[in-house]
Amino acid sequence: EGGGELRGAAASNKCGQYEDVDFLEFHERLLKINGTTMYHNKIDKLIYDDYYLAKAKSLVYLKDMLDNEWGFKQPRATLFLDLWREILPDANYLILLRHWSLVINSLYTRELNKLSESFQFESNKYQILGQYLKMWIAYSQRLLDHLKITELSRCIIIQFDENIESKLPKLTQ
């Protein structure tokens, strides 16, 4: 009920992301001030100042006013887990682990769908795939760091398990 506006389907994801737009836009602004995007692939810590700390607190306050139980699905939040731990010290976490090849193929297919027939995208395929792998490593490292300092009783970890061989699109022809 108090989930707010959700991002639905797009050209890159016809099924929809169903991410809370308030959190999505907040994370996008944080990434922008750090000079990066959701494709951030470095281990270094991203920054935020008191202004963005206050914005995050006000976002949580708003969600609390709308509903006493709420949550958000937002992969970019992985890059700012230190911020969310500070604001929501008693939060519970649902962590979905996906095999690196599933993530890379998903991102590649998503971008390919957006660009449809882009020769430049296809000709740089292996460089792009390498960047996606670095991204998966950076996000995974943040999750591991988070799990080291978070009570595991507040974390549910689910291994996204599917038959990788039959589900992945063929990247090589």
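**Figure 1. The side chain of Asp49 and the backbone of Tyr51 in the predicted model.** The side chain of Asp49 reaches the backbone nitrogen of Tyr51 at 3.1 Å. Asp49 is found in the loop between H1 and H2. With a relative accessible area of 41%, Asp49 is partly exposed. Leu30 is 19 residues from Asp49 in sequence, and the C-alpha atoms of the two residues are 9.7 Å apart in space.

**Figure 2. Lys42 and its contacts with Ala138 and Arg142.** Lys42 lies in the loop between H1 and H2. Lys42 is partly exposed, its relative accessible area being 48%. Leaving aside residues up to four places away in sequence, Lys42 touches Ala138 and Arg142. Between Lys42 and Ala138 there are 96 residues of sequence separation, against a C-alpha to C-alpha distance of 5.6 Å.

**Figure 3. Helices H1 and H2 in contact.** Two packed helices are described by the angle between their axes and the distance between the axes. Here the axes of H1 (residues 21-33) and H2 (residues 50-66) come within 11 Å and cross at roughly 175 degrees. Angles over 145 degrees count as roughly antiparallel, and H1 and H2 are therefore roughly antiparallel to each other. On the H1 side, the contact is made by Asp22, Phe23, Phe26, Arg29, Leu30 and Ile33. On the H2 side, Tyr52, Lys55, Ala56, Leu59 and Lys63 take part. The residues of this contact of H1 with H2 divide into seven nonpolar, no polar and four charged.

**Figure 4. The largest nonpolar core.** This core has 33 residues, of which Phe26, Phe80, Leu83, Trp84 and Ile87 touch the most other members. Two or more core residues come from each of H1, H2, helix H3 (81-87), strand S3 (93-98), helix H4 (100-115) and helix H6 (125-149). H6 gives the most to the core, with six residues. Phe26 also belongs to the H1 residues that meet H2.

**Figure 5. Phe80 and the residues around it.** Phe80 is among the members of the largest nonpolar core that touch the most other members. Residues up to four places away in sequence are not counted in this view. With these set aside, Phe80 touches His27, Leu30, Leu31, Asn34, Leu46 and Ile47. Of these residues, Leu30 takes part in the contact of H1 with H2 as well.

**Figure 6. Polar contacts of Glu19 with Gln74 and Arg76.** Glu19 lies in strand S2 (residues 19-20). Residues under 20% relative accessible area count as buried; Glu19 is buried, with a value of 6%. A polar contact of 2.7 Å joins the side chain of Glu19 to that of Gln74. The side chains of Glu19 and Arg76 are joined by a polar contact of 3.3 Å.

**Figure 7. The whole protein, for orientation.** The protein has seven helices and four strands. From the N terminus on, its elements run β-β-α-α-α-β-α-α-α-β-α. The protein has 173 residues, and 38% of them count as buried. Among contacts between residues at least 6 apart in sequence, 75% join residues at least 24 apart.

Key. Residues are numbered from 1 along each chain as its sequence is written. This is a predicted model: local features need pLDDT of at least 70, side-chain atom pairs count only at pLDDT 80 or more; totals for chains, interfaces and linings use all residues. Side-chain values use heavy atoms; hydrogens and water are left out. Axes are lines fitted to C-alpha atoms, for helices over the stretch in contact, and angles run from 0 to 180 degrees between N-to-C directions. Angles under 35 degrees count as roughly parallel, over 145 as roughly antiparallel, 65 to 115 as roughly perpendicular and the rest as oblique. Contact means heavy atoms within 4.5 Å. Ala, Val, Leu, Ile, Met, Phe, Trp, Tyr, Cys and Pro count as nonpolar, Asp, Glu, Lys and Arg as charged, and the others, Gly among them, as polar. A nonpolar core is a set of buried Ala, Val, Leu, Ile, Met, Phe, Trp, Tyr and Cys residues joined through side-chain atoms within 4.5 Å. Buried means under 20% relative accessible area, exposed over 50%, partly exposed in between (1.4 Å probe, protein chains only). A polar contact is a pair of N or O atoms within 3.5 Å; within protein, one must be able to donate a hydrogen and the other to accept it, and residues adjacent in sequence count only if both atoms are side-chain atoms.
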